[in-house]
Amino acid sequence: MTVEQTLSFAIIIGMMGLFAWGKLRYDLVALLALLAALAAGIVPADKAFDGFSNDIVIIVGSALVVSAAVARSGVIERVVRQLGSRLVTVNQQVFALVTAVTVLSAFVKNIGALAMLMPIAFQLARRTGTSPSSLLMPMSFGALLGGTMTLVGTSPNVIVSRMREEILGQPFGMFDFTPVGAGLALAGVAFLVFGWRLLPRDRKGTASMDSAFNLEAYTTEVEIPEDSLAAGITVKALEDLGEGEFEVITLLRGKERRFGPAGNVVLKARDTLILKGEPAALERVVALEKLQLTRGDKAQQVDAPHDEIGVMEAVITPESDLVGSSAGQIKLFSRHGVNLLAVSRRGRRIAHRLRSVKFRPGDVIVLQGDLTTMPETLGELHCLPLAERDLRIGRKESYLPIAVLAAAMALVAFHLVPVTVAFFGAAVLLLLARSLSLREAYDVIDWPILVMLGALIPVSESLRTTGGTDLIAGWLSMAAAHLPAAGALALILAAAMAVTPFLNNAATVLVMAPIAASFAAKLSHNPDPFLMAVAIGAACDFLTPIGHQCNTLVMGPGGYRFGDYWRLGLPLSLIVLVAGVPLIMAFWPLGH
């Protein structure tokens, strides 16, 4: 072993130790590893930052933006919610939710797919009395399995594809992962439908930000436009869309005013409705039924860049100039440049139009305006801003993100443009079309992951340039000398699955892929099945909450403990290992 190889191994082992220790965040660990490699001289100074310009960073960042736009489109949510009323038993709920998140994760980033469907899982749990802990971990594992089916489903696939291009001159295609990934997803979903019983039943999730507010329901005012889907349906049918989470307080039709309208009253275009309910339910019905929010003041257009327009919640203090006045009287928009969208008042129902509601101390209001000046405006009004939460009342449903994603995947599938260009272009088009604001785009990009990738690419490359990968491959070859070909493939798959919980899935691929390729070469095998095994193993971390963001995301809401993951994850890991090896060998033969 040379001095350079010794230094390279020491840095990799030290990095893995810091990852496992968990006291330093993974992006800082990666930066320290890069700095150590520079100081040791195994990464040249002129190549130290090449990782940040690597296609992997662009693809992962762009995919996160596209996924967020799809999640905010409302289309997927509408489809899944239509099935919700038929899901009564836990088995049915697990099957529907896990299948939905698995399929969706093949086309958008798995963390985005999971975040999109978690609110629906909570709604089902509340309505049927199911424990959220029975649903969330199976959904997380389904998202991980679904991500293995396409190139863009999960970061390990993107990285393996890029590394295959560096090793063999040709990257994996968009659907090269599908045969193996789909087979594992089918086996995994079949297990999870019944395997959820292995989870503890007494877990209680941590309170969400929404529940921490503990507010009375919001009251808002909407108008039914000519093209609204609500025109022609009854009041009860509209309320049923909210599954009990909102109600129609008042119906205004011309000069007629009906308080608490009967459920069989048919709604007409240009009707005005006063709605009361949870913010998420109001957001959903406004978007899905194409209702038009009626602001508290006549003016509606905020004079600010679209990306800076948003909503904030605030409490009216006793000293506020708003107390005793209505939005119409105080001319909120013309004087302060903000629109009133909704009001929440504890202990009393609001049945009047927003512009005529007289504010009281303690009322919580939702204002729309320029987010850069909103804090100053709230100060002038003597209102206290509430902690920020995801409130998107007034967002409209759109099929554009779905169409742009489909077009990007088609361009890659038919080899018309590289995956980097396709998804970068898709992200830019969606930002241009305002499917996502620039502020939201910067928020959804997982910057620590991108920093880690950019820093670790040169470090992992140093393992190859110093001959370290060939050395490890030689050791593995001696260990696999008496194993059949399937055993050698299982060894790589198991190693990737074992390392991922401690190293992070992206880092696992960067370290393991060159080793797997060298290992295959020493055994005179085709490197493709071994690279595929690394991608599958790195994506399938079912044993801990720290190896993948999906597992971390459900830990708090599901009330899970660290040791709960192996209960469901260990059998699923064995299924992936047992089913994965023959599937890889069937579609990616070991011979050249």
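Trainee: Is His-382 buried, exposed or partly exposed?
Mentor: His-382 counts as partly exposed because its relative accessibility is 39%. The scale runs like this: buried means under 20% relative accessible area, exposed means over 50%, and partly exposed is in between (1.4 Å probe, protein chains only).

Trainee: And before I go on, what am I looking at?
Mentor: A predicted model, where local features need pLDDT of at least 70 and side-chain atom pairs count only at pLDDT 80 or more, while totals for chains, interfaces and linings use all residues. Residues are numbered from 1 along each chain as its sequence is written, and side-chain values use heavy atoms, with hydrogens and water left out.

Trainee: Okay, where is His-382 found?
Mentor: His-382 is in the loop between helix H15 (374-380) and strand E9 (383-385). Helices (H or I, at least four residues) and strands (E, at least two) are DSSP runs, numbered from the N terminus.

Trainee: Where does Ser-524 sit, then?
Mentor: In the loop between helix H22 (505-522) and H23. Ser-524 counts as exposed because its relative accessibility is 56%.

Trainee: Switching topic. How many salt bridges are there in the whole structure?
Mentor: The search finds 10. A salt bridge here is a side-chain nitrogen of Lys or Arg within 4 Å of a carboxyl oxygen of Asp or Glu. Side chains of opposite charge can pair when their charged atoms come close.

Trainee: Which residue forms a salt bridge with Asp-528?
Mentor: Arg-164, with the closest N and O atoms 2.6 Å apart. Asp-528 lies in helix H23 (residues 527-539) and Arg-164 in helix H8 (residues 155-168), so the pair ties together parts that are 364 residues apart in sequence. Both Asp-528 and Arg-164 are buried.

Trainee: What does Asp-271 pair with?
Mentor: Asp-271 forms a salt bridge with Arg-253, the closest N and O atoms being 2.7 Å apart. That pair links distant parts of the chain, 18 residues apart: Asp-271 is in the loop between strand E3 (256-259) and strand E4 (272-277), and Arg-253 is in strand E2 (residues 246-253). Asp-271 counts as buried because its relative accessible area is 1%.

Trainee: And Arg-25, what does its side chain meet?
Mentor: Asp-27, in a salt bridge of 2.7 Å, N to O. Arg-25 is exposed at 52% relative accessible area, whereas Asp-27 is buried at 9%. There's a network of salt bridges too, linking Asp-55, Arg-162 and Glu-165.

Trainee: How many residues of strand E7 are buried?
Mentor: Six of its six, so call E7 (residues 339-344) mostly covered. Strand E1 (residues 218-223) pairs with E7 in the antiparallel sense over three bridges, and pairing requires DSSP to find at least two bridges between the strands. Tyr-218 has Ser-344 in E7 as its bridge partner.

Trainee: What about E7 and strand E8?
Mentor: E7 and strand E8 (residues 364-370) run antiparallel, joined by five bridges. Leu-340 stands opposite Leu-367 in E8.

Trainee: Now Val-101: which residues is it in contact with?
Mentor: Leaving aside neighbours within four places in sequence, Val-101 contacts Ala-113, Leu-114, Leu-117, Met-139, Gly-142 and Ala-143, where contact means heavy atoms within 4.5 Å. Val-101 belongs to helix H5 (residues 90-105) and is buried at 0% relative accessibility.

Trainee: Last one: which residues form the nonpolar patch on the surface?
Mentor: Leu-28, Leu-31, Leu-32, Leu-35, Phe-49 and Phe-52, with about 550 Å² of accessible area together. Patches are made of residues with over 30% relative accessible area and no salt bridge, joining like charges within 9 Å and nonpolar side chains (Val, Leu, Ile, Met, Phe, Trp, Tyr) within 5 Å. The areas come from the Shrake-Rupley method with a 1.4 Å probe, and for residues only the protein chains shown count as cover. Phe-49 is in the loop between helix H2 (26-40) and helix H3 (55-72), and is exposed at 53% relative accessibility.
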